[in-house]
Amino acid sequence: MQAASDRLLAYTPVDNKLLASLEANGYAIEKVVTPGEYLSAVELRMPDLALLPLTYPESETLLSALVGRESHPPVLVFGEGDQAEQAGRMMEAGADEYYLASGSENSLLSLLVARTIAFHRDLDTLKSEKQQLQDDLDHVEDDRNAGFAVQQRLLPDPQQFGDISFGYQLLPRAGMTGDSVNCFYLSDGRLLFYLADVAGHGVLGGVVTTALTVTAKAMAEPGFPAVGLTSSELLTWFNRAMLALELDQHVTMFLGVIDLNLSTLEYSSAAHFPGTILCQNDVCQYLELGGLPLGVCETEYQSEKLVLSETFELVLFSDGVLEILPQKSLENREKHLITLVESGSRSISALSADLNLDGRSKVPDDIAVLTLQRKASLP
């Protein structure tokens, strides 16, 4: 049934029985007898439906003028049963619906009019909702870009710590990244480094990585009581910082502490995967430990300590790198990573080239690669 507010505009040089049937069904129709007046009426009063009779050739010109406008009402063309060819041309030219009378029963015309008006009202609503959604997405994108800019300013610089080189590469899945890397001196002179991977992507992941960086900055301050703290105790600091946020997000992390004077590495893991790869004395191996992710609950972490040789390479990946490897099984992907490192791909530039990281515009998950290297001193 038509709404009381439905307004129909008909081009009709002479009275038309089909229009009379619409009026009999309760429609108010404004009738215009010249093409110029018709277009002016559309411009001024924008009807809910434009009616054009197939009987007159100027109807095709009017249709062309209507659909050429940025905003125009839906158009229904109507005529007699023998005007199918004209109706087909008008539909191809942009008409929304057609009606061809057959006999004296014209109730179908009222149904077509009501359906056409309702359809275009629904379409206008969808367009409005789509525009609102796009506006909301644009705001989200602006916020995400601003967050990404903040993340970039908080990232550490690749640099030398004594004779140890620190480098990394981050590839976000979308805007802000949920992966985090860092390397800095503790107040007691030891070198702390970590790679963290937040569960999930996007803005929330970026918020958590920013919180990790803020916690790390506090650890790097001269007043932080680092003396005597093991890698497991330092990992506990990060865990408590995540629990304090109450974000219901968990974070995996590999944390290592290098004593430059003793040439030792102590490390702990909060469910980090894949394992960190250490290469020294012509052997590459995964350093793997258990432990719950950060942010789950109060927990204790294990720590392991080993002696570093004069030269060594440490390579850390977030699990996003596994998503881009061609091997079918997870086991074979892990094997591929250590084979890659064993073959000599141990710097950021070499790993980036071998994994084709620079050539990827999109990745299925955030990817982080971190490297620490100490090369032999020249004689």
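Cys 183 is buried, with a relative accessible area of 3%, where buried means under 20%, exposed over 50% and partly exposed in between, using a 1.4 Å probe and protein chains only. This is a predicted model, so local features need pLDDT of at least 70 and side-chain atom pairs count only at pLDDT 80 or more, while totals for chains, interfaces and linings use all residues. Residues are numbered from 1 along each chain as its sequence is written, and side-chain values use heavy atoms, with hydrogens and water left out.

**Overall picture**

- The protein has nine helices and 16 strands; these are DSSP runs numbered from the N terminus, with helices being H or I of at least four residues and strands E of at least two.
- Of its 379 residues, 46% count as buried.
- Take the contacts (heavy atoms within 4.5 Å) between residues at least 6 apart in sequence: 67% of them join residues at least 24 apart.

**Cysteines**

- A search of the whole structure turns up one disulfide, meaning a pair of cysteine sulfur atoms within 2.5 Å.
- The partners are Cys 279 and Cys 284, with their sulfur atoms 2.1 Å apart.
- The torsion about the S-S bond of Cys 279 and Cys 284 is about 110°, so this disulfide is right-handed.
- Cys 279 and Cys 284 are both buried.
- Cys 297, on the other hand, is partly exposed, at a relative accessible area of 30%.

**The cavity**

- Searching the whole structure gives one cavity of 30 Å³ or more. On a 1 Å grid over the protein atoms alone, a cavity is a set of points where a 1.4 Å probe fits but cannot get out; a pocket is an open set with protein on both sides within 12 Å along at least five of seven lines; and lining residues have an atom within 4 Å of a point.
- The largest cavity has a volume of about 120 Å³; for volumes, grid points are joined across faces, edges and corners, and the value is the space filled by probe spheres set on the points.
- Its lining has 14 residues, and Gln 151, Leu 155, Ser 180, Thr 209 and Thr 213 lie nearest the centre.
- α5 (107–154), β8 (179–185) and α6 (202–219) each put at least two residues into the lining of the largest cavity, and β8 gives the most, with four.
- By class, the lining of the largest cavity has five nonpolar, eight polar and one charged residues. Here Ala, Val, Leu, Ile, Met, Phe, Trp, Tyr, Cys and Pro count as nonpolar, Asp, Glu, Lys and Arg as charged, and the others, Gly among them, as polar.

**Pockets**

- The largest pocket comes in at about 280 Å³.
- It is lined by 14 residues, with His 72, Pro 73, Pro 74, His 120 and Asp 124 nearest its centre.
- Six nonpolar, three polar and five charged residues make up the lining of the largest pocket.
- The second largest pocket has a volume of about 190 Å³.
- Its lining runs to 13 residues, of which Leu 154, Leu 155, Pro 156, Asn 182 and Lys 217 lie nearest the centre.
- β6 (159–161), β8 and α6 each supply at least two residues of the lining of the second largest pocket.
- That lining divides into eight nonpolar, three polar and two charged residues.

**Two serines**

- Ser 59 sits in helix α3 (residues 58–67) and is buried, with a relative accessible area of 1%.
- A polar atom of the Ser 59 side chain lies 2.6 Å from the backbone oxygen of Pro 53.
- Leaving aside neighbours within four places in sequence, Ser 59 is in contact with Tyr 11, Leu 52, Pro 53 and Met 90.
- Ser 309 is in the loop between β14 (304–307) and β15 (312–317), and at 13% relative accessibility Ser 309 counts as buried.
- The side chain of Ser 309 has a polar atom 2.4 Å from the backbone oxygen of Thr 311.
- Not counting residues up to four places away in sequence, Ser 309 touches Ser 263, Gln 280, Asn 281 and Arg 374.

**A glycine in α2**

- Gly 36 belongs to helix α2 (residues 35–45) and is partly exposed, with a relative accessible area of 46%.
- Gly 36 and Leu 62 are 26 residues apart in sequence and 9.1 Å apart in space, C-alpha to C-alpha.

Key
Polar contact = N/O pair within 3.5 Å; in protein donor to acceptor, adjacent residues only side chain to side chain.
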